Amino acid sequence: MKKMEIPLSENLGHGHLACAGCGAAVSMRLTLKALGEKTVMIFPASCWSIIPGFWPYSSIRIPVVHAGFVTGGATASGVRAALDIRGDHETVVAVWAGDGATFDIGLQALSGAAERNEDFIYICNDNEGYMNTGTQRSSATPLFAWTTTTPVTKPKENPKKDIMAIMADHQIPYAATATIAYPEDLLRKVEKARSIRGTRFIHLLSPCSPGWRIPSEITIKVSRLAVRSRVFPLYEIENGISYTIREEPHVVPVKEYLRLQGRFSHLTDLEIEVIQENVERTWERLTRKASLKLK
Amino acid sequence: MKKVITGNQAVAYGVILSRVDVISAYPITPQTTIVEELSELTASGRMKTVFLKVESEHSAMAALIGASTGGVRCFTATSSHGLAYMHEMLHWASGARLPIVLVNVNRAIAPPWNIWSDQSDSLSQRDTGWVQLYCEHNQEVLDTVLQAYRIAESVKLPVMVVLDAYVLSHTSEPVEIPTAEEVDAFLPPYCPEYTIDTQEPMAFSTIATPDHFLEFRYKIQKAMEQVPEIAKKVNDEFRSRFNRGYGAIERYGKEEADILLMTSGTVTGTSRIVVEKLNRKGYDVCGLKIKRFRPFPVEEICKEIKGAKKVAIIDRNLSAGVGGIFAQELRASLYSREKRPQIFGFVSGLGGRDITPELIEEAIQYTVDHPQPEEEILWLGLKK
């Protein structure tokens, strides 16, 4: 892969309110570098309703529109329409939504907008739960994980929803996964998304140190192990059919990823085996789809 | 140009003449023909309007909140369940001080399923910070849409224009349609004070602590308090340009009477006939039409009450546990007055049952016959 330069511009300013070791703060910093200053960002309710700061301050140096929880896809459609009416086809409209606002409560508005192929970049900042309200289960929470609504006596019973498959089946021009341990990959994907028109979807995995029960200094390490264990493969889907998977040269057992995190500390070896099988099955399904690519 | 058009077509003409930039809507009976008409009118590409055909009413309002924050003129229409589904976003639109105009075609809320006229949908949104204007006929519908943008953009609050299902929405009447030039002279393009600008980045609808939130709400109240004066100015100008207009309220029949009959929406049209008839028979009654529900025209009503001893008010809506909502607002407005007339609160016509001249006459006769109402809620036309 071509070596890339990370832009020096900083559009996430000092004084933001993210927790120590917040994966999303790193995600945001990198994403803003790739999006550039001619961007407006829409925030459905999430940690990012708070992190940028309280009125009258904002630590984000581009225009920001805070929006209702379920409204990411709809608000972005409206902002895009207004800019187009004003003759501004250049400014990028980006949504920054949590996994709750994407996988759960905002899925309808997102699906509606994707079906209409609205012209914006939708970034799902996935920390695998309702972290802003104190770590409750979402449909992005992984199998057997502890949350405050899935206690260790009855951890989450269902695997994570495959949001990428859902978005790909809307036949949108571009969908990609990315995470902070691979900043060049993340930047390249956001830049690529920026160069395309229509609905673009970026699924960002952002480890959450309080929610995942990990020490704040291992956020990047956990992000890297998510990819190496194939829990979170890095790939792109163009037009719903053309897959590009970043092959991971150092595959590790899922146990290495799980054992670092307090939210999985209750797992038995058997449960870890079930998760391992689940990860392998998901990987196989992904690679099968990728091999179906029309030549 | 005069055309024979339905209330819903009158809405569409009003929207087109207002040069709306972004429309976002979802179908629901009996509002649907507004969406259909606007789809036809915008499909040709003659207009610059963007029409977002969204997947729900919640998204319809959310999309307009995005577009209005982006500094353009916005419109949507809905009814009943659609309006109820928008509820969260109605609060958002006023909280964000966005001059969105929404037309609601009054329809009952299920169950039981019912698609006919009933004001309970719009009136249950009375605390969302929207100005609410009710219409009596199709001409008023078109004209109120035009006026709504002037009011909304002056006070930075959203405005809901309300008309009755079927009685207006699907009934044709002759309507004078002003020319685009005439409307352009009355309604200049929208110039937002703040908007999305990458040269001057701002954060919209940011979180505010208890240190500031109260003041945000205080400002909304102050903006609401400006509405009576601004709406009057707008209507005066409208009248001077188009030779017709509508106050927050309108008295008809006698100058002053012992009994005042208060109505809203199309019930007023029927009441005019009844009041005229009863006046000829020697009844001391006059009529008062209430157009503006929010902010409630307290001052205007108090002026018109004059020496009236009794007020008969007909509500085509119900707040279960209390009664008619207009009656409730009226009682609250009159409480601090020294001389308070007796309030006869009639509830009638829910779910689209006709409020006939006979029923209205019955209400007036009851008011004449009783020194005070026997019950807090007087059910008119109830099958026993």
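Into which domains is chain B divided? Chain B is divided into domain 1 (2-242) and domain 2 (250-379), with bounds that come from an automatic or database domain assignment. This is a predicted model, in which local features need pLDDT of at least 70 and side-chain atom pairs count only at pLDDT 80 or more, whereas totals for chains, interfaces and linings use all residues. Residues are numbered from 1 along each chain as its sequence is written, while chains are lettered from A and ligands numbered from 1 in the order in which they are written.

Taken over C-alpha atoms, the centres of domain 1 of chain B and domain 2 of chain B are separated by 28 Å. Their contact takes 26 residues from domain 1 of chain B and 20 residues from domain 2 of chain B, two residues being in contact if their C-beta atoms, placed from the backbone, lie within 7 Å. On the domain 1 side, the elements of chain B that give two or more residues are α5 (120-123), β6 (131-134) and α8 (210-242); helices (H or I, at least four residues) and strands (E, at least two) are DSSP runs, numbered from the N terminus.

Between the chains, 36 residues of chain A are in contact with 37 residues of chain B. On the chain A side, β2 (64-67), α2 (72-85) and α4 (107-115) of chain A each give two or more residues, and α2(A) gives the most, with 11 residues.

The table sets out the two sides by class, where Ala, Val, Leu, Ile, Met, Phe, Trp, Tyr, Cys and Pro count as nonpolar, Asp, Glu, Lys and Arg as charged, and the others, Gly among them, as polar.

| Side | Residues by class |
|---|---|
| Side of chain A that touches chain B | 20 nonpolar, 11 polar and five charged residues |
| Side of domain 1 of chain B that touches domain 2 of chain B | 15 nonpolar, seven polar and four charged residues |

Strands pair if DSSP finds at least two bridges between them, and the open sheet of nine strands has mixed pairing and the order β8(A)-β7(A)-β5(A)-β6(A)-β4(A)-β3(A)-β1(A)-β2(A)-β9(B). Because β8 (242-245) of chain A and β9 of chain B stand at the edges, each with a single partner strand, one side of each is left without a neighbour in the sheet.

Within chain A, strand β5 (residues 174-179) and strand β6 (residues 199-205) pair in the parallel sense over six bridges, and A:Ala178 stands opposite A:Leu204 in β6(A).
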